[in-house]
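Please consider the sequence and the coordinates together.

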Amino acid sequence: MTLALLSADQLRACPLFQSLDASDLQLLLERQLHTLIGVDQLLVQEHDWGETIFLIRDGLAKVRCFSPDGEEVVLSILGPGDLFGEMALIDEQPRSADVLALTELNLVKLAGAPFRQLMLNRPALSLAIAKLESQRLRTLNRRFAIHSADATTRLLNALQELACRSREPQDPLAPIPALAQRELAALAGLSRETTSRTLSKLRERGLLEENAMGLRLLSLEPLRRRGLL
Ligand code: CMP
């Protein structure tokens, strides 16, 4: 399904592209393709070669790879305003990871060549991309550190990441769209049984609300206590 095109003003609203002038924005938007993507659809496959960058307008995606013994490892969650697919363009290597739709996604595909050209000619854009990669490394560092924490801390961190990615400005108490429990387990790096048990525990303590729309953390206090804020 093809949807309405992105305007230069809408693209400039994305902090990454704030520094670009109208003609630069137009160059990026020239070959845009705007699509609705279904849940679980693979958008980018690790090891493939790719010339496209993607901008999420609505919905959530996950970045993942597999361990040598075939276990899924979730590297990051992406949401509205997030860009992906830039790494293969910057380092001229194959795609570094898979990217899949966690919910229905409203997505814009942009041609990579003008993006790369602008990065060479516009230092402010290159700095914004460097900041993006730095933020992603910080998030990944935290995920890595939390990997040895208890199940509740890992699940709370995953729920917080989902809430913060779901809407701007980031809010750990924002509603989280309904996801399969296997997805929550993969995001937290836990078994499904432990995830189910830990979710029940959080609900019983009045820290988590669940309805047909999804989940919502009800208090910042457990996040603070675990140093997650
Ligand atoms: P690319 O390697 O082209 O394709 C996969 C994309 O996933 C990659 O570009 C980034 O946009 C994104 N990606 C890879 N690793 C991470 C990460 N740790 N955090 C956020 N995004 C990532």
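This is a predicted model: local features need pLDDT of at least 70, side-chain atom pairs count only at pLDDT 80 or more; totals for chains, interfaces and linings use all residues.

Residues are numbered from 1 along each chain as its sequence is written, and side-chain values use heavy atoms, with hydrogens and water left out.

**Pockets**

Rolling a probe the size of a water molecule over the atoms shows where empty space is left. Here a pocket is an open set of points, on a 1 Å grid over the protein atoms alone, where a 1.4 Å probe fits and protein lies on both sides within 12 Å along at least five of seven lines; lining residues have an atom within 4 Å of a point. A volume is the space filled by probe spheres set on the points, which are joined across faces, edges and corners.

The largest pocket holds about 1400 Å³ of space. Its lining comprises 50 residues, and Leu78, Asp82, Leu132, Arg136 and Arg165 are the closest to the centre. Elements giving two or more residues to this lining include strand E5 (72-78), helix H5 (123-146) and helix H6 (151-166). Helices (H or I, at least four residues) and strands (E, at least two) are DSSP runs numbered from the N terminus. H5 supplies the largest share of the lining of the largest pocket, 12 residues.

The second largest pocket contains about 520 Å³ of space. Among its 21 lining residues, Val73, Val74, His147, Ala186 and Gly189 lie nearest the centre. E5, H5, H6 and helix H7 (181-188) each give two or more residues to that lining.

Domain 1 (8-146) and domain 2 (151-225) each contribute at least three residues to the lining of the largest pocket. Each of these two domains likewise gives at least three residues to the lining of the second largest pocket. The domain bounds come from an automatic or database domain assignment.

The table divides both linings by class.

**Sheet**

An open sheet is formed by three strands in the order E9-E11-E10, with antiparallel pairing. Strands E9 (176-177) and E10 (208-211) stand at the edges with a single partner strand each, so one side of each is left without a neighbour in the sheet. Two strands pair if DSSP finds at least two bridges between them. Four bridges join E10 to strand E11 (residues 214-217) in the antiparallel sense, and Leu217 in E11 is the bridge partner of Leu208.

**Individual residues**

Buried means under 20% relative accessible area, exposed over 50%, and partly exposed in between (1.4 Å probe, protein chains only). Leu42 belongs to strand E2 (residues 42-44) and is partly exposed, at 36%. Leaving aside neighbours within four places in sequence, Leu42 is in contact (heavy atoms within 4.5 Å) with Asp98, Val99 and Leu100.

Most residues other than glycine have a negative phi. His47, in the loop between E2 and E3, has a positive phi of about 80° and is exposed, with a relative accessible area of 60%. Glu92, in the loop between H3 and strand E7 (98-101), has a positive phi near 50°. Glu92 is exposed, with a relative accessible area of 52%.
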